[in-house]
Amino acid sequence: MNLLEDLQWRGITYQQTDEAGLKEQLEKEMTSLYCGVDPTADSMHIGHLLPFLTLRRFQNAGHRPIVLVGGATGLIGDPSGKSEERKLQTLDVIGYNVKCLQGQLERIFDFEGTNAAIMVNNYDWAGKMDIVTFLRDYGKHIGINYMLAKDTIANRLETGISFTEFTYTILQALDFLHLYEHHDCKLQIGGSDQWGNITTGLELIRKNMSEGAKAFGLTIPLVTKADGTKFGKTESGAIWLDPEKTTPYEFYQFWINTADADVIKYLKFFTFLSKEEIEELEKSVQEEAHLRKAQKTLAEEMTKLIHGEAALEQAQKITAALFSGDIKNLTAEEIKQGFKDVPTYEHTEGEALLVDILVAAGIVSSKRQAREDITNGAVYINGERKQELDYALTEEDRIEGQFTVIRRGKKKYYLIKF
């Protein structure tokens, strides 16, 4: 199975400009291709991943990926998927975001070897261009009627679109032309919402380059969930690649909680497992779903890819500790990850009776309820049941002198911070 057949099997291919021509190009020689992202935030989220992981598949097949972070286009704003104008960000903010996103993307690609990845920032060429050059050399080649036919622009005509966002598609098309000229880039890939921008790039190449210039476009489908809810969103918000925004433990948990109806599709989309390995896991979902082998594999592959082996081991350790209740063997850093969203109470004094802490932290409503819960064995300190009414929290109950984890009942956790 060749690369394009593998993409088809995985369900990754959505639209192509010239399937036969692209197949011939890829078989003929090592091909340079690119995918881009605008630095509208200081981190990508998992909704950004599929196009870049697809780009990595091309690298694995021997082609050269060009990874573009749009320092220039990020200053303008893509009208795609928006019902109103984006709020423009400063050059300093965009510059900082560019560095953050480049750091995350460097984890995904190989920057050594014969087909080493190339990292580029379109501000390096578009940022230096004057308006007259832009209008004469590029705007002249793209007709208004052609642009009005693009869904991303047509969808905004009723609500309104500025000239700034109206010209975004030409600015992105300029990226494709620049990379074609300077890096022999023959293919752009992107999400399905980028089809209009990609085809504008092909138009600009056709009108600026010599007759017979060949370039291609390929888009990837929108990732959806079987239940109709939005992929990559949880009650607490987006799943970010930045470990400060979404901890590796939270990242791991997102993937391990994937529904049976979605897990095989996600394994095809996001992992580099072979067809045979994925089909074996699909069989496991059908015959022994309770073991959740597919979900565990998905969580392991994704956490290792984005955060590394050590972070994966840490996430697995936290998961096992929470499942078993054996909290005391976790480090303070692991406590921060595993209990990031649980109710937290900061205790500023010395020793305190457990009864008093339960009330002060809002774990129970009264001392009477606290005594009743303790007596009934419903209260745990760092995973150990405490039934002594006169029990006082001491230094020994503090994990690395910072935290004590109190559990009431089976699943209600509370964090005491010192």
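Student: Over residues 39-48, what percentage of the chain is helix and what percentage is strand, and how far apart are the end C-alpha atoms?

Tutor: This is a predicted model, where local features need pLDDT of at least 70, side-chain atom pairs count only at pLDDT 80 or more, and totals for chains, interfaces and linings use all residues. Residues are numbered from 1 along each chain as its sequence is written, and side-chain values use heavy atoms, without hydrogens and water. Helices (H or I, at least four residues) and strands (E, at least two) are DSSP runs, numbered from the N terminus. Over residues 39-48 the chain is 0% helix and 0% strand, with the end C-alpha atoms 11 Å apart.

Student: Which UniProt annotation covers residues 39-48?

Tutor: The entry is unreviewed, and such annotations may be inferred rather than shown by experiment. The record gives residues 39-48 as short sequence motif: 'HIGH' region.

Student: How many of the six residues of strand β2 are buried?

Tutor: Buried means under 20% relative accessible area (1.4 Å probe, protein chains only). Strand β2, residues 32-37, is mostly covered, and its buried residues number five.

Student: Which residue in β5 is the bridge partner of Leu-33?

Tutor: Two strands pair if DSSP finds at least two bridges between them. β2 pairs in the parallel sense with β3 (residues 64-69) over six bridges, and with β5 (residues 185-191), also parallel, over three bridges. In β5, the partner of Leu-33 is Leu-187.

Key
Buried means under 20% relative accessible area, exposed over 50%, partly exposed in between (1.4 Å probe, protein chains only).
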